Amino acid sequence: MMPPLLEISQLAVTLPGGGALAEILDDVTLKVPAGCITGVVGESGCGKSTLLRAILGILPRHAQTPRGGIFFEGHDILPDRAAGVRGRIGFVPQDPYLSLNPLFRAGDQILEIMRRHAKGSRAEHKARLVELFRAVQLPDPEAALRKYPHEFSGGQRQRLLIAAALSCEPRLVVADEPTTALDVTTQREILGLLRELTRARGLSMLFVTHDFGVLASLCDDVAVLYAGRVAETGPTRAVLDAPAHPYTRMLLACHPDRAADLAGIPGAVPPATAQPSGCRFHPRCPLARESCAREVPVLQPIPGGRAVACPFHAEALPELALV
Ligand SMILES: Nc1ncnc2c1ncn2[C@@H]1O[C@H](COP(=O)(O)OP(=O)(O)OP(=O)(O)O)[C@@H](O)[C@H]1O
């Protein structure tokens with residue numbers, strides 16, 4: 001079997017924050033197999049963006065040395081804060097409005113990335129960028145090279161950023177909710193484009209979202225994150241059809257597309273400076289018992305290539321309260 005392109009192993013990230021230590025990620029283990037799109041889903045504040053920052057080697061300077069490993073193409077990139085992978089991992093950010101400098105031509109900004117991280121001359125870079133602009137379906141790719149960011153629509157700017165992420169010919173792309181700031185129609189087009197580009201170019205992708213609809217339409221596998229820990233992993237279809245962890249089950253019950261009556265998860269994601277003991281979900285979990293406040297659940301394999309971090313996952317949940 002081919003080794004995964006990206007393998008995150010027992011990753012822990014801690015930051016000083018507000019006079020206390022913020023335990024943002026703990027024991028995070030997940031894989032992105034070659035040629036696959038792996039989704040990371042969870043509520044706001046679960047640590048999704050921090051996970052991407054750790055992979056890209058752009059954690060804040062004051063972060064304590066992260067523990068665990070981030071293996072990319074078989075090498076642990078965590079010790080050198082990913083300095084060696086710049087250009088080999090592409091990044092699609094969340095907000096196309098904030099991610100381009102309005103004072104410089106968009107094409108020049110991407111060419112600068114290529115100058116730093118890609119092989120070839122400026123003329124070769126320009127030719128490749130025009131080809132990429134065509135691949136991301138920007139109108140008039142030659143003219144697009146000379147335009148400033150304000151001359152593109154929001155959807156076109158996201159296409160520019162996808163082109164930027166692919167400009168150094170990476171094998172892996174990490175994307176941080178790249179469709180959140182877009183209207184529904186543009187969102188659908190961008191998701192279709194990402195799916196097509198990853199398949200056509202044999203790329204792998206780690207895709208962060210809080211939207212199960214986006215997850216279902218794009219991702220082969222999923223890791224559900226709660227309060228900085230992995231609650232469950234598995235093939236997306238299987239997890240969405242029969243979620244195992246109480247958190248995933250309750251999160252899906254909250255999704256407007258999936259529930260006739262909207263239920264809510266009581267409470268909120270804990271601040272990273274005050275993580276609950278034992279299972280971090282136990283204060284919100286209807287299945288919790290005394291042992292859940294003491295024992296940290298580990299991810300245990302369950303049938304179908306899945307894993308779940310809850311020893312009581314087979315129990316039925318009580319009816320959820322409507323919001
Ligand atoms: N630089 C920092 N210093 C201290 N705490 C931080 C820092 N960055 C993030 N956090 C905390 O880490 C936790 C996870 O934040 P993160 O942005 O990774 O979550 P997220 O799941 O991406 O959220 P969202 O979906 O809202 O973007 C939050 O509790 C946040 O307040």
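Which residue in S2 stands opposite Gly17? Ala20 stands opposite Gly17. This is a predicted model, in which local features need pLDDT of at least 70 and side-chain atom pairs count only at pLDDT 80 or more, while totals for chains, interfaces and linings use all residues. Residues are numbered from 1 along each chain as its sequence is written. Helices (H or I, at least four residues) and strands (E, at least two) are DSSP runs, numbered from the N terminus.

**Sheet with S1 and S2**

- Four strands form an open sheet in the order S2-S1-S4-S5, with antiparallel pairing.
- S2 and strand S5 (75-76) are the edge strands, and each pairs on one side only.
- Nine bridges join S1 and S2 in the antiparallel sense; two strands count as paired if DSSP finds at least two bridges between them.
- Strands of a sheet pair through backbone hydrogen bonds, either parallel or antiparallel.

**Ligand surroundings**

- The ligand is surrounded by 16 residues, and the closest are Gly17, Ser44, Lys48, Ser49 and Thr50. A residue is near a molecule or strand if its C-beta atom, placed from the backbone, lies within 6 Å of it.
- At least two residues of this shell come from each of strand S1 (6-17), strand S2 (20-32) and helix H1 (48-56).
- H1 gives the largest share of the shell, three residues.
- Sorted by class, the shell has seven nonpolar, eight polar and one charged residues. Ala, Val, Leu, Ile, Met, Phe, Trp, Tyr, Cys and Pro count as nonpolar, Asp, Glu, Lys and Arg as charged, and the others, Gly among them, as polar.

- Strand S3 (residues 37-41) is mostly covered, with five of its five residues buried. A residue is buried if 20 or more other C-beta atoms lie within 10 Å of its own, exposed if 12 or fewer, and partly exposed in between, with C-beta atoms placed from the backbone.
- Ile37, Gly39 and Val41 lie on one side of S3 and Thr38 and Val40 on the other, and both faces are covered.
- In a regular strand the side chains alternate between the two faces of the sheet.
- S3 runs parallel to strand S8 (residues 204-209), joined by five bridges, and Thr38 stands opposite Leu206 there.
- S3 also pairs in the parallel sense with strand S9 (residues 221-226), over four bridges; in S9 the bridge partner of Thr38 is Asp221.

- Six bridges pair S9 with S10 in the antiparallel sense, and Val222 stands opposite Gly234 in S10.
- The hairpin of S9 and S10 has two residues between the strands, and Ala227 takes a positive phi near 45° in it.
- Six of the seven residues of S10 are buried, so S10 is largely enclosed by the rest of the structure.
- S10 and strand S12 (residues 306-308) run antiparallel and are joined by two bridges; Thr233 stands opposite Ala307 in S12.
- Helix H9 (residues 246-253) has Pro246, Tyr247, Thr248, Met250 and Leu251 buried.
- The cover over these buried residues of H9 includes S9, strand S10 (229-235) and helix H8 (236-241). Residues are in contact if their C-beta atoms, placed from the backbone, lie within 7 Å.

**Helix H3**

- The 14 residues of helix H3 (residues 122-135) should span 20 Å at 1.5 Å a residue, and the end C-alpha atoms are 20 Å apart, which agrees. The expected span is 1.5 Å times one less than the number of residues of the helix.
- His125, Arg128, Leu129, Leu132 and Phe133 are the buried residues in H3. They cover an arc of only 145° around the axis, which puts them on the same side of H3; the arc is that of the directions from the helix axis to the C-beta atoms.
- An α-helix has 3.6 residues a turn, so residues three or four places apart point the same way.
- The buried residues of H3 pack against helix H2 (106-117), helix H4 (141-144) and helix H5 (154-166).
- Exposed residues Ala123, Glu124, Ala127 and Glu131 are carried on the face of H3 turned away from its buried side.

**Positive phi in loops**

- Gln137, in the loop between H3 and H4, has a positive phi of about 60° although it is not a glycine.
- Gln137 is partly exposed, with 15 other C-beta atoms within 10 Å.
- Glu169, in the loop between H5 and strand S7 (172-176), has a positive phi of about 55° and is not a glycine either.
- Glu169 is partly exposed, with 16 other C-beta atoms within 10 Å.

Note on methods. Two residues are in contact if their C-beta atoms, placed from the backbone, lie within 7 Å.
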